[in-house]
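Let's take a walk through this fold together, helix by helix. Have the sequence and the 3D view open as you read.

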Amino acid sequence: MLTTMGAYKQRTIEFFDLLDASRSGYIDPEDLSLITARSGSDAQLTPVISTFFRELLRAADPNKDGKVGKEEMLAYVERAILGKDADAMPEFLRTLAAGAFQVMDADGNGKVDKAEFERYLKARNVTDPAAANEFAKLDRDRDGSLTAADLRAGIHVFFTEVDRDVPQQWLMALFS
Ligand SMILES: [Ca+2]
Ligand SMILES: [Ca+2]
Ligand SMILES: [Ca+2]
């Protein structure tokens with residue numbers, strides 16, 4: 001039952017469904033083509049997404065059939081992310097955080113402020129006000145700006161926190 005499983009599992013399934021753009025029941029290279037096409041071949045984002053897909057397909061596919069099913073995805077999260085801390089996450093997830101950070105940090109000053117975060121969401125067509133409020137939760141030291149480490153922690157929380165109320169739209173927006 002969705003209502004009784006840890007919320008991280010539910011988010012992992014939502015994330016899986018987002019990546020399975022072809023609705024085939026598997027994440028495979030065709031999905032990458034569909035996602036990069038709909039993201040309007042963003043020059044900064046496309047390589048980030050492509051690397052993530054390639055690495056996920058390599059890491060989460062123990063039977064080596066070139067595609068990742070929902071059960072494989074859930075098993076991968078349990079194996080590679082749960083019970084580890086954010087800095088021990090697989091390198092490609094840390095790379096995803098770094099890539100998202102670079103896309104958000106429009107002025108390149110090494111910090112993402114609220115306005116940059118909101119511009120990023122708007123550019124990804126995310127208009128839910130709750131998404132902009134995720135900034136405050138990602139900003140762990142509450143100094144009004146995000147670091148790449150905050151986004152890394154945000155990805156970790158997304159895949160591990162049993163609580164329902166964690167930032168998620170900012171991450172989903174990368175692939176939407
Ligand atoms: Ca698919
Ligand atoms: Ca900045
Ligand atoms: Ca901060």
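Predicted model: local features only at pLDDT ≥ 70, side-chain atom pairs only at ≥ 80, totals over all residues.

Which residues of α5 are buried? They are Leu93, Leu96, Ala97, Gly99, Ala100, Phe101, Val103 and Met104. These buried residues pack against two kinds of element: the helices α3 (45-59), α6 (114-123) and α8 (148-160), and the strand β3 (112-113).

Let's follow two of those neighbours, starting with α3. Two packed helices are described by the angle between their axes and the distance between the axes. For α3 and α5 the angle is about 170°, and the axes are 10 Å apart. An angle over 145° counts as roughly antiparallel, and α3 and α5 are therefore roughly antiparallel to each other. On the α3 side, the contact is made by Leu45, Val48, Thr51, Phe52, Glu55, Leu56 and Ala59. Facing them from α5 are Phe92, Thr95, Leu96, Gly99, Ala100 and Val103. Sorted by class, this contact has nine nonpolar residues, three polar ones and one charged one.

The other neighbour to visit is α8. This helix has 13 residues and spans 18 Å between its first and last C-alpha, close to the 18 Å expected at 1.5 Å a residue. Ten of its 13 residues are buried, so α8 is largely enclosed by the rest of the structure. The buried residues are Asp150, Leu151, Arg152, Ala153, Gly154, Ile155, His156, Phe158, Phe159 and Thr160. What covers them includes α1, α4, α5, α7, β4 and α9 (169-172).

Two helices from that list, α1 (residues 7-19) and α4 (residues 70-80), also pack against each other. Their angle is about 135°, with the axes 10 Å apart. That makes α1 oblique to α4. The crossing of this pair is right-handed. Here Lys9, Thr12, Ile13 and Phe16 of α1 meet Lys70, Met73, Leu74 and Val77 of α4. The residues of this contact divide into five nonpolar, one polar and two charged.

Now for a look at some loops. Most residues other than glycine have a negative phi. Where does Arg23 lie? You will find Arg23 in the loop between α1 and β1 (26-27), and it has a positive phi of about 60° although it is not a glycine. Arg23 counts as exposed because it has 9 C-beta neighbours inside 10 Å, and a residue with 12 or fewer falls in that class. Arg142 also has a positive phi, near 55°, and is likewise a residue other than glycine. Arg142 sits in the loop between α7 (129-138) and β4 (145-146). With 7 other C-beta atoms within 10 Å, Arg142 is exposed.

Our last stop is Leu34, in helix α2 (residues 29-38). Is Leu34 buried or partly exposed? It has 15 C-beta neighbours inside 10 Å, so Leu34 counts as partly exposed. Leaving aside residues up to four places away in sequence, Leu34 touches Ala21 and Ser22. As for Asn125, it is 91 residues from Leu34 in sequence, and the two C-alpha atoms are 17 Å apart in space.

Conventions
Residues numbered from 1 in each chain as written. Chains lettered and ligands numbered in written order. Axes fitted to C-alpha atoms, helices over the stretch in contact; angles between N-to-C directions. Helix = DSSP H or I, 4+ residues; strand = E, 2+ residues; numbered from the N terminus. Parallel < 35°, antiparallel > 145°, perpendicular 65-115°, else oblique. Left-handed = near helix turned anticlockwise from the far one by under 90°. Contact = placed C-beta atoms within 7 Å. Nonpolar A, V, L, I, M, F, W, Y, C, P; charged D, E, K, R; others polar. Buried ≥ 20, exposed ≤ 12 C-beta atoms within 10 Å, placed from the backbone. Expected span 1.5 Å × (residues − 1).
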